[in-house]
Amino acid sequence: MKKAKLILDRDYVISPIDKRIYGSFVEHLGRCVYTGIYEPGHPTADGEGFRGDVMKLVKELNVPIVRYPGGNFVSGFNWEDSIGPRENRPRRLDLAWKTTEPNEVGLHEFASWARKARTDVMYAINLGTRGPADAQRVVEYANHQGGSELSDMRIRNGAKDPLGIKLWCLGNEMDGPWQTGHKTAFEYGRIANEAAKMMKWTDSSIEVVACGSSSTEMPTFGEWEYAMLSECYDNVDYVSLHRYYGNPHNDTPDFLASSMNLDSFIRTVASICDAVKGKTRSKKQINLSLDEWNVWYHSHEQDQELYKRKPWGTALPLLEDVYNFEDALLVGLMLITILKNADRVKIACMAQLVNVIAPIMTRPGGGAWAQTIYWPLKQASELGRGVSLLPQIHSEKSDTRHYTDVPMVDAAAVMGDDGSVTVFAVNRDLTENAELEMDLRSFGTFTKVTHSVLHHDDVKAVNTEENPDNVRPVTVEADMKEGKICLPAASWNVIHLEK
Ligand code: AHR
């Protein structure tokens, strides 16, 4: 058996964990909303048409915040289309996803769904085809108590109390030429600054997220953050990062090493924020919102076919990646990376929630089930609350196609308010178990240890409606002799230690 060592000390803390790192994302795209969260006539639908089976899985997933309504969709979206009587709402062409949006679900319906799902809304405004005045108007509509044209309109539309949306995205991926209303960093920085000012003048309690780079591969990466932030540093609170990984070469070790790229992406963006802080002599620190992250590649080809067959359809099955076990391992590694950067990453949204590159899948009129990637997010959200501890890891390292010095074992550790410690660990080795020695120094003795393992002998194993439990965590006997625990080959582990 291979060996690795993890040293933790209660005084070596990275940062308190912001619970919003366990967020998710619902976009008007494919079947995320229509036949995803919403399907009137479904046997489990409630009076508002929200699927009860999906709601149950969402509640169990325990996502504290959900970004809405896009994504690329938002850059051509008129928020006014989504309010008022349904029969008056327009059907519009969505240029981002080449589909037709019926606007059956809008701002009020989503706010109601979020309340039922016990989550908060992170609302994205359109800075692609629209501007600061429109951004101000939606904040007034949603959050102003009453007594103005827009807040009174909200009351007439059925919401006496303000919707109380506290977190707002200033557009989406504005660095990408695929975006409706794509801008240069300077153009975007200026418009984001003015929008942020007017939105905060309307409601000083809100926080706003400026668009960073859509990925590390963008030719403007780095330069974009610096130039954009130079225009809006004082008025924004977070910079966004988006990151998706794929396994196009069917090279599992290389794929599992991709979380190292995420780590350097996060660190680089944090450094650029600090460079602008230095240049502007600001006292304020800008933190990060990783508001789209996941594995995304399985559905690329089928989506191209679908577009050819059904142009401008509604609720097309787009981006329906069927996730396998190795995807769940990478999702676990990405969560470990987020936790290890908890001092800067304050918001993170797995993209997306239902059907569209999602942990939850549905069949119209049929069942709902958890994909493989559901499990690491659920477990991290459940036990990863408290403070992130600095994990000192000694592990064998190897090289892959794109990465050097990839540790066999990667881990993050969280100390809960009750004094418990939870270790999240992945053994990347595909064939050999690893014995993890945990040196817990100042923590003393833990009397109760629970060890949950997510493993499958086939890294390509998936969950389906017929076989929804094919890949799911099991609790194994926690044999912690002399602080040593076995991490099976290719496994995501959650080790919970209580006094
Ligand atoms: O999540 C799918 C899409 O990925 C989003 O709409 C966009 O922001 C990103 O490119």
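Me: What makes domain 1 and domain 2 separate parts of the chain?
Reply: The bounds come from an automatic or database domain assignment. Domain 1 covers 2-9 + 389-498 and domain 2 covers 18-383, with residues numbered from 1 along each chain as its sequence is written. In this predicted model, local features need pLDDT of at least 70, side-chain atom pairs count only at pLDDT 80 or more, totals for chains, interfaces and linings use all residues, and side-chain values use heavy atoms, leaving out hydrogens and water.

Me: How do you know which residues are in contact?
Reply: Contact means heavy atoms within 4.5 Å. By that rule, 41 residues of domain 1 are in contact with 37 residues of domain 2.

Me: What is the buried area between domain 1 and domain 2?
Reply: Buried area is the accessible area (1.4 Å probe) that two parts lose on being put together, summed over both. Here that comes to about 3300 Å², with carbon and sulfur atoms giving 66%. Tyr-403, Glu-465 and Trp-492 supply 20% of the area that domain 1 buries against domain 2, more than any other three residues.

Me: Why is the pair Arg-401 and Asp-251 called a salt bridge?
Reply: The term asks for a side-chain nitrogen of Lys or Arg within 4 Å of a carboxyl oxygen of Asp or Glu. The side chains of Arg-401 and Asp-251 meet at 3.0 Å, N to O, so the pair qualifies. Across the interface of domain 1 and domain 2, the rule finds four salt bridges.
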